[in-house]
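Reader: I am new to this structure and would like a close look at a single part of it. Could you take me through the salt bridges with some care?

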Amino acid sequence: GPGQAEMYAGLQELGVANGEDLKETLTNCTEPLKAIEQFQTENGVLLPSLQYALPFLDLHGTPRLEFHQSVFDELREKLLERVSAIALEGKVEERYKKLEDLLEKSFSLVKMPSIQPVVMCVMKHLPKVPEKKLKLVMADKDLYKACAVEVKRQIWQDNQALFGDEVSPLLKQYILEKENTLFSNDISFLQNFFSPSPKTRRQGEVVQKLTQMIGKNVKLYDMVLQFLRTLFLRTRNVHYCTLRAELLMSLHDLEISEICTVDPCHKFTWCLDACIREKFVDNKRARELQGFLDGVKKGQEQVLGDLSMILCDPFAINTLALSTIRHLQDLVGQDTLPRESPDLLLLLRMLSLGQGAWDMIDSQVFKEPKMEAELITRFLPLLMSFVVDDHTFTVDQKLPSEEKGPIPYPSIIPEAFTKFLQENRIACEIGLYYILHITKQRNKNAFLRLLPALVETFSDLAFSDIFLHLLTGNLTLLSDEFALEEFCTSLFDGFFLTACSRKENVHRHVLRLLLHLHHKVAPAKLESLQKALEPTKQSGEAVKELYNQLSEKLELRKPSPAEVTETPSMELPLPTVPTPASR
């Protein structure tokens, strides 16, 4: 067919006979057998010793093709080894000259499946494949596919659109994996979204593939960062910030200094990575991180855009917020005010830089966001007063009560707290982490007291996937409370159900929680929840699927009709026989 002709066309250029030549020879000759023999002699393997060996193989019924094929395979292996060796020996200019000559000679045969691996191998070892050859490869889908990644990098670095097409499905896959983890049906306070260590996360398929695609190529690295920035701006999806940090640290693991030394965020990210591993910012690392922030020079403020993206990574925010809560507890014990703690102020500074990432990259105004004094002078002391309330209550419970009866747990929320959660992003983030903290401590009183403040929060942060993922996990520690009407009413009617109809993700998280804890919920409550959570026409597949799973589980729990009718009903009420005690 025409494919064959194209495949072998390159042989003629090299003065090697091909099928067409044999056809021509046979068409214009008088003695075909003689012509075939002559063609075999002229184009066979030129080794005198073979003259006698070949007829011997014929006797054994080994086809000539099979023999030539095995010789060819053997030679090709030798050639591939030789090419790889040339790429490492002699002076740099000389070795590349040899490879370029070889490429020139062999490129016309690149379509022959048998020769293609050799041509590809030569290109792979050339740091600069001639432009013309790259264009030919790029124009041919099959050739492009067969290329080594070393050659593709050379094509990509001057073709951003083509590189984008390769990277795009990987980025989609990455975001999908993150969302699947947040909505996973396994709910636990031990294993959550933030459990895997940074090292483990970097072994993920997408990070590894991107690392492989970039190699040591700074231009490709910059392109990926550009894609991530653009997507972060377009979608506000913070998982792109995680990938930005993971990619840099993956190159760091491989000691790719060509890239690490030119990324101005490298040392900051490396230090922060160690904090994320420990889920805590210790004093020594705090000093180091502060040094980097204070060291941003005039004229280099643009680096703040990158640093803010690194700090906007949920794993970074999680670490900073957990550290903030720990610091606040320590301050209560030391009788110190937040404004007197430089470590705490640094954590807040980094939190606001991270939370301000989108605005900074969007506005292209690179300066650190101003910290609101009220956050430090009013909001944090308020949180500390909650910690004190808990201590006081606990101590009161232990004191012998003199007729005064039990002291009730403070139930009102200071209005300022609710206002801060609505209007101040950093306050809201820290407030939410405080609520996660008391839930993890199984502190039901404090949880029920502060829960109403979550209905309206800054940009609906209390209904974001990461918070709800963590909250549902921590609520498993309070599973016994789900039997109580009051607790369920506060949690479901007072919080979750206020957003279910307008936020699909909240609907999903409630269903996840009930799938896990339905056996703990009082039957009457469960029934009303099942009605309230029924999917609407607008509900997505995920909600319908979860709802069906829940319904199936509840079906299995219902007692069978036989059990219900077991006790025969008596027509007449039995006369009550007074017992001796009640006389």
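Author: The side chains of Asp-343 and Arg-287 meet in a salt bridge, with 3.2 Å from N to O, where a salt bridge is a side-chain nitrogen of Lys or Arg within 4 Å of a carboxyl oxygen of Asp or Glu. This pair links distant parts of the chain, since Asp-343 is in helix α21 and Arg-287 in helix α18 (residues 283-294), 56 residues apart; helices here are DSSP runs (H or I, at least four residues), numbered from the N terminus. The model is predicted, and local features need pLDDT of at least 70, side-chain atom pairs count only at pLDDT 80 or more, and totals for chains, interfaces and linings use all residues. Residues are numbered from 1 along each chain as its sequence is written, and side-chain values use heavy atoms, with hydrogens and water left out.

Asp-343 counts as buried at 10% relative accessibility, whereas Arg-287 is partly exposed at 44%; buried means under 20% relative accessible area, exposed over 50%, and partly exposed in between (1.4 Å probe, protein chains only).

A second salt bridge joins Asp-263 and Arg-244, whose closest N and O atoms are 3.1 Å apart. Asp-263 is buried, with a relative accessible area of 6%, and Arg-244 is buried too, at 1%.

In a further salt bridge, the side chains of Lys-520 and Asp-480 meet at 3.1 Å, N to O. Lys-520 lies in the loop between α29 and α30 (523-532) and Asp-480 in the loop between α27 (465-475) and α28 (485-500), so this pair ties together parts that are 40 residues apart in sequence.

How values were computed. Helices (H or I, at least four residues) and strands (E, at least two) are DSSP runs, numbered from the N terminus.
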